[in-house]
Amino acid sequence: MKARSIIKTILAVTALCLSLNSSASLIFNFQDNKNDGNHTVDYEVNGIVLTVSAYNPNNSDGIINRSNRGLGVNTNPGNNGIGRNRNRNRNRGEYLVFSFSELFYGNINITFGNWSNNDRARITMNSENTGFGANRPNNMFTSSYAAFNSFRVEGRRGSFRVANVELVPEPSSLAIIGLGLLGLGVRRFKNAIRDFS
């Protein structure tokens, strides 16, 4: 009887962890046409708020441009995408800053819209810069960080948009949750046995 109850608890915790893992990804989709002339736009998924802010190459406040291809900056170059003015500010481009309402642990996938072989982005996260060129599958940047609550996407060449951002929690975090739940189940089982006898 005791072994059977423990096995049931383990199976229940495993099922819960699998369900958490299957529904844990958070996808922020930016493919819409709701331009409102704002410097910042908020998106919310499952209680987590993502604030996106636009900036011009000279670091002044920009205006977010929203389309069915994703987010851009409402200036030239690049037809309101995220790009770099080839005539001025050669070392700096337009950029978007993505800030989350809470610290996140795990992987991030950034999908670009309107991406072509002329485009190049720079991703800045946890003070680390990562160049992103054209030859990536699905126009997607994927990276893993222990913890972050913001990142920056800057245009380095050509013009592109940010179509969506997916957050994938760290598997070890789910494992810790599962172990905690297992411990609670075993403790409850022991208490029930003690109360019964």
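1. Conventions. Two strands are taken to pair if DSSP finds at least two bridges between them; strands themselves are DSSP runs (E, at least two residues), numbered from the N terminus. The model is predicted, so local features need pLDDT of at least 70 and side-chain atom pairs count only at pLDDT 80 or more, whereas totals for chains, interfaces and linings use all residues. Residues are numbered from 1 along each chain as its sequence is written, and side-chain values use heavy atoms, with hydrogens and water left out.

2. Pairing around strand 3. Strand 2 (residues 40-45) runs antiparallel to strand 3, with six bridges between them. These two strands make a hairpin with two residues between them, and Asn 46 in the turn has a positive phi of about 50°. Strand 3 also pairs with strand 7 (residues 95-113), again in the antiparallel sense over six bridges.

3. Burial of strand 3. Burial is expressed as relative accessible area: under 20% is buried, over 50% exposed, and in between partly exposed (1.4 Å probe, protein chains only). Strand 3 (residues 48-55) has six buried residues out of eight, so the rest of the structure largely encloses this strand. Ser 53 belongs to strand 3 and, at 11% relative accessibility, is buried. Contacts (heavy atoms within 4.5 Å) of Ser 53, leaving out residues up to four places away in sequence, are with His 39, Thr 40, Ile 64, Tyr 95, Leu 96 and Val 97.

4. Nonpolar core. A nonpolar core is here a set of buried Ala, Val, Leu, Ile, Met, Phe, Trp, Tyr and Cys residues joined through side-chain atoms within 4.5 Å. The largest such core has 34 residues, and those with the most contacts inside it are Phe 28, Leu 96, Phe 98, Ile 110, Phe 112, Val 162 and Val 165. Strands that each supply at least two residues of this core include strand 1 (26-29), strand 5 (70-73), strand 8 (120-125), strand 10 (140-157) and strand 11 (159-169). Strand 7 gives the most, with seven residues. Beyond four places in sequence, the residues that Phe 28 touches include Tyr 43, Ile 48, Leu 50, Phe 100, Val 165 and Leu 167.

5. Aromatic pairs. Rings of Phe, Tyr and Trp (its six-membered ring) pair if their centres lie within 6.5 Å; planes under 30 degrees apart count as stacked, over 60 as edge-to-face and the rest as tilted. The whole structure holds 11 aromatic pairs. One of them is stacked: Tyr 55 and Tyr 95 lie 5.0 Å centre to centre, with 15° between the planes. This pair links distant parts of the chain, with Tyr 55 in strand 3 and Tyr 95 in strand 7, 40 residues apart. Elsewhere, ring pairs join Phe 28, Phe 30, Tyr 43, Phe 98, Phe 100, Phe 104, Phe 148 and Phe 151 into a cluster.

6. A charge over a ring. This label requires NZ of Lys or CZ of Arg within 6 Å of the ring centre and within 35 degrees of the ring normal. Arg 152 lies over the face of Tyr 95, at 3.6 Å from the ring centre. Tyr 95 is buried, at a relative accessible area of 7%, while Arg 152 is partly exposed at 24%.

7. Salt bridges. The criterion is a side-chain nitrogen of Lys or Arg within 4 Å of a carboxyl oxygen of Asp or Glu, and the count comes to five. Arg 66 forms one with Asp 32 (3.1 Å, N to O). Arg 66 lies in strand 4 and Asp 32 in the loop between strand 1 and strand 2, so this pair ties together parts 34 residues apart in sequence. Arg 66 and Asp 32 are both buried. Another salt bridge joins Arg 66 to Asp 36 (3.6 Å, N to O); Asp 36 is partly exposed, with a relative accessible area of 39%.

8. A salt-bridge network. Arg 152 also meets Glu 154 in a salt bridge (2.9 Å, N to O). Glu 154 is buried, with a relative accessible area of 1%. Salt bridges with shared partners join Arg 122, Arg 152, Glu 154 and Arg 156 into one network.

Definitions and conventions. Helix = DSSP H or I, 4+ residues; strand = E, 2+ residues; numbered from the N terminus.
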